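This report covers side-chain packing and charged pairs in one protein model.

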Amino acid sequence: MAYIPDLAPYDYDPGAPDAIAIGWLDSRMPFTAGACPRDVRDRLVRLGAKPVRLMRGYHYCQFCEAAVEPPRVIRADIRLYDAPDVGRGSGEIWLTGVDGTNFAAPALIGHLFGGTEGVRVGAPQRR
């Protein structure tokens with residue numbers, strides 16, 4: 001998955017409308033960890049189950065990958081592998097705020113916020 005700092009302009013797809021990025025984490029970069037209300041996590045998981053802007057293939061959760069057995073390689077040349085115990089996503093969640101601001105997140109955001117017993121990260125704080 002591409003890394004975009006929280007609350008930075010979304011730049012994963014240059015042809016997309018303007019948006020603010022949320023949840024585009026990388027295991028090598030610092031991020032906020034903390035509590036997220038259960039109802040918010042549940043909504044993120046539901047939204048992630050019906051992603052938009054679908055991409056080819058899957059992005060696996062880097063945080064879960066580090067905690068499981070090595071995945072079974074299907075095609076090494078394109079980094080395609082089978083990792084059934086690792087959260088994965090292939091699209092995005094887009095929401096529009098009451099002020100018209102678009103927010104873009106990876107479909108894995110519900111998993112990252114602890115939904116379905118995934119990773120537990122905290123919501124970004126506006127600067």
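In this predicted model, the side chains of Asp 39 and Arg 43 form a salt bridge, with an N to O distance of 2.7 Å. Both residues belong to helix H1 (residues 38–48), and because they are four residues apart there, about one helical turn separates them. Asp 39 is partly exposed, at 43% relative accessible area, and Arg 43 is partly exposed as well, at 42%.

A search of the whole structure gives four salt bridges.

| Salt bridge | N to O distance |
|---|---|
| Asp 39 – Arg 43 | 2.7 Å |
| Arg 28 – Asp 26 | 2.8 Å |
| Arg 53 – Glu 92 | 3.3 Å |

Arg 53 is partly exposed, with a relative accessible area of 29%, while Glu 92 is buried at 1%. Through shared partners, salt bridges join Asp 13, Arg 53 and Glu 92 into one network.

In the pair of Arg 28 and Asp 26, Arg 28 is exposed, with a relative accessible area of 70%, and Asp 26 is buried, at 6%.

The largest nonpolar core has 13 residues, of which Ile 22, Leu 44, Cys 61, Ile 109, Leu 112 and Phe 113 touch the most other members. Leaving aside residues up to four places away in sequence, Leu 44 is in contact with Ile 93, Ile 109, Gly 110 and Phe 113. A second, separate core contains nine residues, among them Ile 4, Tyr 10, Trp 24 and Ala 104.

Terms used
Residues numbered from 1 in each chain as written. Predicted model: local features only at pLDDT ≥ 70, side-chain atom pairs only at ≥ 80, totals over all residues. Heavy atoms only, no water. Core = buried A, V, L, I, M, F, W, Y, C linked by side-chain atoms within 4.5 Å. Buried < 20%, exposed > 50% of the residue type's maximum accessible area, 1.4 Å probe, protein only. Contact = heavy atoms within 4.5 Å. Helix = DSSP H or I, 4+ residues; strand = E, 2+ residues; numbered from the N terminus.
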